[in-house]
Amino acid sequence: MTLAEAAAEADALAEQGSERELADLRSTWGDELEAAARSADYRERAVAFRAVGQFRWRAKEELLRRGLDDESPACRGSALLSLELLSRDHPSTINSVRALLHTLATSDGNAAVRRLAVLCLKNGSPQRETIVLLEGLAGDDEADAQLRKAAAGVAQALKRRQPKQR
């Protein structure tokens, strides 16, 4: 079995709520995942960063931070997919890398990475600076149309979650 296949199996186990089996799979694949994340081949690194989310491996969040800084857009994208998955019930996952997500959303050279960074921000706390940044992206006529649409949608979602002002 490859790391990608183990990650797919881990994802299925997590969806089923099979915590014991998932923990066993994590212990079996931990070293392999770490080695793949350090590989010279960007494809192996991308699989490793994506696997962190599929394994629901919160202890490996720092590994995802390295993935966000990777030279390869595929690796950055894989790390963002994992961050989004891990942050669905834990806004602290996004809040801890918010500044880096802001940078990726505004200035990454890859349009897909920029959109993924925007989508990750929806799972964080509704902070004013994030909403302002997203509204700026949504109104930027020179930005990619899909990025503008994603930014507008996430900004609106975050606004709805803000505490009511008195």
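Is Glu-62 buried or exposed? I looked it up: Glu-62 is exposed at 52% relative accessible area (buried is under 20%, exposed over 50%, partly exposed in between, with a 1.4 Å probe on protein chains only).

Before going on, I noted that this is a predicted model, where local features need pLDDT of at least 70, side-chain atom pairs count only at pLDDT 80 or more, and totals for chains, interfaces and linings use all residues. Residues are numbered from 1 along each chain as its sequence is written, and side-chain values use heavy atoms, leaving out hydrogens and water.

Next I checked salt bridges (a side-chain nitrogen of Lys or Arg within 4 Å of a carboxyl oxygen of Asp or Glu). I got 14 by this rule.

Glu-62 is in one of them, with Arg-65, closest N and O atoms 3.5 Å apart. Both sit in helix α4, 3 residues apart, about one turn (helices are DSSP runs of H or I, at least four residues, numbered from the N terminus). Arg-65 is partly exposed at 30%.

Then I looked at Glu-15 and Arg-56, whose closest N and O atoms are 2.8 Å apart. This pair links distant parts of the chain, 41 residues apart: Glu-15 is in helix α1, Arg-56 in the loop between α3 and α4. Glu-15 is exposed at 59%, while Arg-56 is buried at 19%. I also found Asp-11 joined with these two in a salt-bridge network.

Lys-159 is in helix α10 and Glu-135 in helix α9, 24 residues apart. Lys-159 is partly exposed at 34%, and Glu-135 is partly exposed at 34%.

Definitions and conventions. Helices (H or I, at least four residues) and strands (E, at least two) are DSSP runs, numbered from the N terminus.
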